[in-house]
Amino acid sequence: MSTTSDSSSGAATSQNSFIPLCEPCLRGNEWEYVKECLDTGWVSSVGSFVDRFETGVARYTGVDHAVATVNGTAALHTGLLCVGVEPDDEVLVSTLTFIASANAIRYAGAHPVLIDAEPRFWQMDPNLVEHYLSQECVFKNGILRNRSTGRRVRAIMPVHVLGHPVQMDEIRQLAGKYELAVVEDAAESLGAAYHGNRVGCDGDVTCFSFNGNKTITAGAGGMLVTNNSHVAERARYLTTQAKDDPVEYEHHEVGYNYRLSNVLAALGLAQLEQIDAVIARKREIAATYDSQLNLPGFDWFRESPDVFSTYWLSTAMIDPLSSGTTATALRLGLHEQDVQTRRLWRPMHTNPPYMECQSVLTGVADSIADNSLSFPSSASLTDDDQARVCNAVAALLER
Ligand SMILES: Cc1ncc(COP(=O)(O)O)c(C=O)c1O
């Protein structure tokens with residue numbers, strides 16, 4: 001089996017010696033809550049678990065409103081529509097991301113402008129954002145436009161990668177200066193914090209994913225969180241087929257069937273109850289890799305003092321010269337020993353659907369993508385299994 005895709009279930013066959021990259025840890029009230037849905041017949045897109053899951057995520061992240069969706073991509077698409085992104089607008093997004101971020105921009109009919117990563121936190125580089133906005137764009141009649149395409153520039157989508165929060169101060173400052181909305185892609189980073197504030201608690205719109213390999217899972221699912229009641233109301237409306245009347249079939253707009261089912265929300269709620277333990281274990285796992293595999297040429301992705309990373313996936317940059325290996329060679333070697341690891345995404349500017357997009361590139365994202373490797377990071381990873389991973393890496397390096 002393979003769980004290498006971001007869209008994979010992550011479910012693993014842990015009865016054999018296979019060590020998965022990231023499998024769900026289903027050890028709480030999952031059975032009980034799902035059974036309640038089946039026993040009561042509330043299995044579809046309305047039900048108490050949808051409400052409880054939304055309230056739970058809102059309370060956990062410290063926001064006023066949360067709207068559950070079928071997946072994180074749908075949350076991103078809805079978020080863009082809710083902040084006013086329209087067809088032919090431009091949205092700045094990190095080139096170093098999973099393709100869902102860029103796809104959501106295209107679903108809204110807008111055009112991604114790809115921004116390279118900065119080397120320390122791997123997030124979109126605020127200096128490049130500033131460069132693009134100040135050099136390539138101009139305010140005309142109060143509207144920010146791209147000088148060369150003439151398109152309106154409407155929003156920024158920073159991506160909190162691998163459980164690590166974006167340094168939001170710089171991004172927000174630029175968004176304020178250039179009157180841009182911010183839609184945060186925090187699919188991988190529920191529970192991460194910046195300056196003591198949980199990701200999502202002080203943004204315009206933030207989106208999470210509950211895909212099978214995420215910090216907590218609903219099997220599939222997403223959530224849009226915001227403090228803006230109008231955005232929340234609009235999100236609820238758009239994700240429910242833009243239904244204007246609760247009884248009559250009145251629709252004045254094209255909406256989407258994006259609401260999460262009660263069964264999946266039940267799973268999500270049970271998972272949310274365990275999130276603190278899951279994150280604590282992931283941080284322990286990251287610290288162990290950092291100390292056990294503190295090898296020449298291995299640079300582990302670390303949090304800075306002002307942030308709290310969930311270390312969703314423990315990841316290292318592997319310098320071929322000083323380590324004597326490559327991320328690919330290590331991945332293949334570990335695969336032979338039933339240890340699953342994962343390369344980072346190919347940056348968007350190298351993917352055919354997005355190759356022609358306007359971009360501001362420095363080569364950092366390419367280098368990160370070429371040389372980084374994520375290691376097994378399931379909260380259920382045992383100490384023995386992690387020792388096996390570390391020993392396998394050491395043996396491969398000796399070879
Ligand atoms: C960075 C990022 N954005 C968006 C998504 C999309 O989430 P989903 O798979 O729930 O649609 C994912 C995960 O799959 C992701 O890793």
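Tutor: Threonine 69 counts as buried because its relative accessibility is 1%. Buried means under 20% relative accessible area, exposed means over 50%, and partly exposed lies in between, using a 1.4 Å probe on protein chains only. This is a predicted model, in which local features need pLDDT of at least 70 and side-chain atom pairs count only at pLDDT 80 or more, while totals for chains, interfaces and linings use all residues. Residues are numbered from 1 along each chain as its sequence is written, and side-chain values use heavy atoms, with hydrogens and water left out.

Threonine 69 sits in strand S1 (residues 65-69). Helices (H or I, at least four residues) and strands (E, at least two) are DSSP runs, numbered from the N terminus. The side chain of threonine 69 comes to 2.9 Å from the backbone oxygen of asparagine 71. That is a polar contact: a pair of N or O atoms within 3.5 Å, where within protein one must be able to donate a hydrogen and the other to accept it, and residues adjacent in sequence count only if both atoms are side-chain atoms. Setting aside residues up to four places away in sequence, threonine 69 touches Ala74, Ala75, Gly221, Gly222, Met223, Thr239, Tyr258, Arg259 and Leu260. Contact here means heavy atoms within 4.5 Å.

S1 also meets helix H7. The buried residues of H7 (residues 229-238) are Val231, Ala232, Ala235, Tyr237 and Leu238. They pack against S1, helix H3 (72-82), strand S10 (205-209) and strand S11 (222-226). At the start of H7, a side-chain oxygen of asparagine 228 reaches to within 2.9 Å of the backbone nitrogen of histidine 230.

The whole structure holds 2 cavities of 30 Å³ or more. On a 1 Å grid over the protein atoms alone, a cavity is a set of points where a 1.4 Å probe fits but cannot get out, and lining residues have an atom within 4 Å of a point. Grid points are joined across faces, edges and corners, and a volume is the space filled by probe spheres set on the points.

The largest cavity has about 70 Å³ of space. Its lining is His160, Val166, Met168, Arg172, Glu184, Tyr194, Asn197, Arg198, Val199, Gly200 and Asp202. Helix H6 (168-177) and strand S9 (197-198) each supply at least two of the lining residues. By class, the lining has 4 nonpolar, 3 polar and 4 charged residues. Ala, Val, Leu, Ile, Met, Phe, Trp, Tyr, Cys and Pro count as nonpolar, Asp, Glu, Lys and Arg as charged, and the others, Gly among them, as polar.

Take histidine 160 from that lining. It lies in the loop between strand S6 (153-157) and H6. Histidine 160 is classed as buried because its relative accessible area is 1%. Its side chain makes a polar contact of 2.8 Å with the side chain of glutamate 184. Beyond its neighbours within four places in sequence, histidine 160 is in contact with Pro165, Val166, Met168, Glu184, Asp185, Ala186, Glu188, Ser189 and Val199.

Glutamate 179 has a positive phi of about 55 degrees, although it is not a glycine. At 52% relative accessibility, glutamate 179 is exposed.

The second largest cavity has a volume of about 60 Å³. Cys22, Glu23, Pro24, Cys25, Lys214, Thr215, Gln271, Val278, Lys282, Ser378 and Ala379 line it. The class count is 5 nonpolar, 3 polar and 3 charged. This lining draws at least three residues from each of domain 1 (30-272) and domain 2 (275-398).

Those two domains divide the chain, with bounds that come from an automatic or database domain assignment. Their contact takes 50 residues from domain 1 and 40 residues from domain 2. The domain centres, taken over C-alpha atoms, are 25 Å apart.

Asparagine 141 lies in the loop between strand S4 (137-140) and strand S5 (143-146). Asparagine 141 is exposed, at 84% relative accessible area. Its phi is positive, about 50 degrees, although it is not a glycine.

Methods:
On a 1 Å grid over the protein atoms alone, a cavity is a set of points where a 1.4 Å probe fits but cannot get out, and a pocket is an open set with protein on both sides within 12 Å along at least five of seven lines; lining residues have an atom within 4 Å of a point.
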